[in-house]
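Good morning, and thank you for making time for this presentation. Please have the sequence and the model open while I speak.

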Amino acid sequence: MHADPGIDLESTEIRADNSRIVESGRSQFHGNVEVIKGVQAIRAEVITYDKNTGLYDAEGRAHLWSKGAIWSGDSLHFNSLNETARLNDGQYWLNESPGRGKAVVIEHDSANEISILKNVKYTTCPVSNETWKLNASAIRIDHNNERASASNAIIRFRDIPVFYMPYINFPTSQKRKSGFLAPVFGTSNESGFDTQVPYYWNIAPTQDATIAPRFMQDRGVLVDTEYRYLNHDYAGSIDLEYLIRDRIKDKQDRSYIRAEHHHRIFENKGRIDILFSNLSDDQYFQDFGTTIGQSSQSFMDRKAEFVYENASYYVSALTQAYQSVNRSLPAGAKPYQLLPKIEFRKKNLPKIFALQPNFEADFTYFNRADSLTSIRTTIAPSISYDYSKSFIKVTPKFMISHTEYFNDDPASIYEDESRTVPVITLDTTLFAERDFSLLGFNLFQTLEPRIYYVYIPKVNQDNLPVFDTGTMDINPHTMYLPNRFSGGISGFGGDRIGDANRISAGINSRITSKETGRQFLAFNLGQVFHLDKREISLPNQTYSKNTLSSLFGGFDLNPQPDLTIKGSFVWDPKQTNFERKAISLDYAPNSNTLAKIAYRFTRAPHKNLDNIKQTDAVFRLPINSLPDTSIIGLWSYSIEEKKTIEAFGGLEYESCCWGLRVIGQRYLNGNKASGQSEYVTGVFIQVRLRGLGGLGKGRDPLTTRYLPDATSQF
């Protein structure tokens, strides 16, 4: 009920079928009586008003409408002077949430928007299916802050008491609020009985935190916290896990921290990115990681990067170091620290007779304890010419890369060295398009054949150290790069610049709907033709002398908006077999249904190694015979080794007022201290009573790490 906008909020309006008004005594109103004062209203069959005391006594289907709730009972007493009301044996319905219930006594202070309910029952379930309810000796509701607190509370499920809490605080609206999130109960062969109770803290509109104590029977208490902040120009997060006196690890304190900060500066032309991570010991993820990917990490990244770019310049400065968490790695296999790495590009230099000059440079100081250290500097001036029409683009380019090494080698193997390499490229792309009809669809197709030629003479580089350089696989992207090695300035490598005399030929095509613009099909094919043999290599590596590279291709098929089929392959023409192939099917008709199936094959580079044949499945599928219930899971299986790599699955039930997950998981736990891979197996249960938990984003301890693309129903 709402007050008439034309009525003064300080005035009182009374409507009734019949009335008997006394000037200075008690007036009575009968039949569909309504009393409206400001944003409040009373309705009953009979209302008596005492002008001297300002008291309204309502009887017969009495209702009170207030800012935060609707109250109902057999009788209602309202003091209009201090704006307080009292109902006996009443019911209530909260305005901003599905919360409702009954109470023996309801006291409401309209002036302060505070309600006190005694001997109260609370639930968010509908009357027809009251699955759970909270019984408490008292509940205090702060309607302005949209919070409620209950004392001596018992949670009853299907009228069976399951949990007692001397005190609980919970939100009364759908807005982001502090409060407990859905707890997780389970057991695993690593830690025994395992319980996690997350608490979401809505610190401010731009800050929040999740504090999730994790009680592990065999280890102790691990406190898991996440703090996040967001502003117009910056954002970041801090994750901290700390276990006091791990009983399995000789009562050793164990910890993990990861902090990120991203800051935009100089009117969004610059940015600063900072990342710091640290583990207390190299077995931390093996013991507390929850996926095979997490448990097999070898390094923790630490870096700070500054980038500035405008129409004329690009400048970046990066410092990067790592914490090694794989004790089996020798010191010489650990990555170098970059202290720092600086890149510079001059853009939009004035043209010289239609020729476009460019200039790039980098400076890197490589450092590693008890090892070779070095300063490597590279400058790379270039000049190019762009010929562009609607149907063709041709870009010839000439570049010279000059690198200087200033080495400090305790072993006296590497001295100061330099290298100068010319690079010539010619990039040509044709553009064609057509309209056509197929199966009643009006379609639009593009066709983009591309030919890329590169010539780099052989310049002996065997005397140069290797800091950040690796061999890149040929694929639809790297085939159009001049250098087959990674590292250094993008496009022409760091410690190695490969000799080349080759032609890369590829074709891309897309088919889209003219009416909707939806892409039905995209595909690509590509191959590299080597005109000379390749001789520059990394230590202990050789290259194939084949004239033709492998043929590679891929496609992206979207026959329906909710169905995507992707595939890729690399085919060796000399061996007439596939080096790699992969195919995946994604089906997502709605937010409740998700199915992904994938297969991938990678041929081993040596006969003494096993090929990789792996299938993956991720799904959330509703069960039609069980309303509001879905089966969720992930399964990764090695066909070659005939064993499961990782599995996760169970049931998820989500109704209007409560939810339940029962989850089992099993995954290979990387390399333990014994050097053998071991399985971690666990079973977990998560229950949520809607309306008793914090409604912020927080962290979902279960499915977000397994089903990141699925919309969580919790």
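This is a predicted model: local features need pLDDT of at least 70, side-chain atom pairs count only at pLDDT 80 or more; totals for chains, interfaces and linings use all residues.

Residues are numbered from 1 along each chain as its sequence is written, and side-chain values use heavy atoms, with hydrogens and water left out.

Let me begin with the cysteines. A disulfide here means a pair of cysteine sulfur atoms within 2.5 Å. How many disulfides does a search of the whole structure find? The search finds one, and this disulfide joins cysteine 125 to cysteine 657, with an S to S distance of 2.0 Å. The torsion about the S-S bond is about 80°, so the disulfide is right-handed.

The two partners are 532 residues apart and link distant parts of the chain. Helices (H or I, at least four residues) and strands (E, at least two) are DSSP runs, numbered from the N terminus. Cysteine 125 sits in the loop between strand E9 (114-123) and strand E10 (132-142), whereas cysteine 657 sits in the loop between strand E40 (643-654) and strand E41 (658-668).

Are these cysteines buried or exposed? Buried means under 20% relative accessible area, exposed means over 50%, and partly exposed lies in between, with a 1.4 Å probe and protein chains only. Cysteine 125 is buried, at a relative accessible area of 2%, and cysteine 657 is buried as well, at 0%. Cysteine 656, by contrast, takes part in no disulfide; its nearest cysteine sulfur, that of cysteine 657, is 4.3 Å away. At 46% relative accessibility, cysteine 656 is partly exposed.

Contact means heavy atoms within 4.5 Å. Leaving aside neighbours within four places in sequence, threonine 131 is in contact with Cys125, Arg156, Phe157, Arg158 and Trp658.

Next, the cores. A nonpolar core is a set of buried Ala, Val, Leu, Ile, Met, Phe, Trp, Tyr and Cys residues joined through side-chain atoms within 4.5 Å. The largest has 42 residues, of which Ile42, Tyr122, Trp132, Leu134, Ile139 and Leu692 touch the most other members. E10 supplies the largest share of this core, five residues. A second, separate core has 16 residues, among them Ala380, Tyr452, Val454 and Ile497. Returning to isoleucine 139, its contacts beyond four places in sequence include Ile116, Val120, Tyr122 and Ala148.

I turn now to the largest pocket. On a 1 Å grid over the protein atoms alone, a pocket is an open set of points where a 1.4 Å probe fits, with protein on both sides within 12 Å along at least five of seven lines; lining residues have an atom within 4 Å of a point. The largest pocket has a volume of about 1,200 Å³, the volume being the space filled by probe spheres set on the points, which are joined across faces, edges and corners.

Which residues are closest to its centre? Of the 33 lining residues, they are Asp473, Tyr543, Ser544, Ser550 and Glu579. The elements giving two or more residues to the lining are strand E32 (500-513), strand E33 (519-530), strand E35 (563-572) and strand E36 (577-590). E36 gives the most, with three residues. By class, the lining has 11 nonpolar, 12 polar and 10 charged residues; Ala, Val, Leu, Ile, Met, Phe, Trp, Tyr, Cys and Pro count as nonpolar, Asp, Glu, Lys and Arg as charged, and the others, Gly among them, as polar.

Some individual residues remain. Glutamate 515 lies in the loop between E32 and E33 and is exposed, at 54% relative accessibility. Phenylalanine 552, in strand E34 (residues 551-560), is buried at 3%. Its contacts beyond four places in sequence include Ile474, Met479, Leu525 and Phe569.

Finally, the backbone. The peptide bond from leucine 339 to proline 340 is cis, with omega near 0°, and proline 340 is found in strand E24 (residues 337-346). Glutamate 83, in the loop between strand E6 (69-79) and strand E7 (84-94), has a positive phi near 55° although it is not a glycine.
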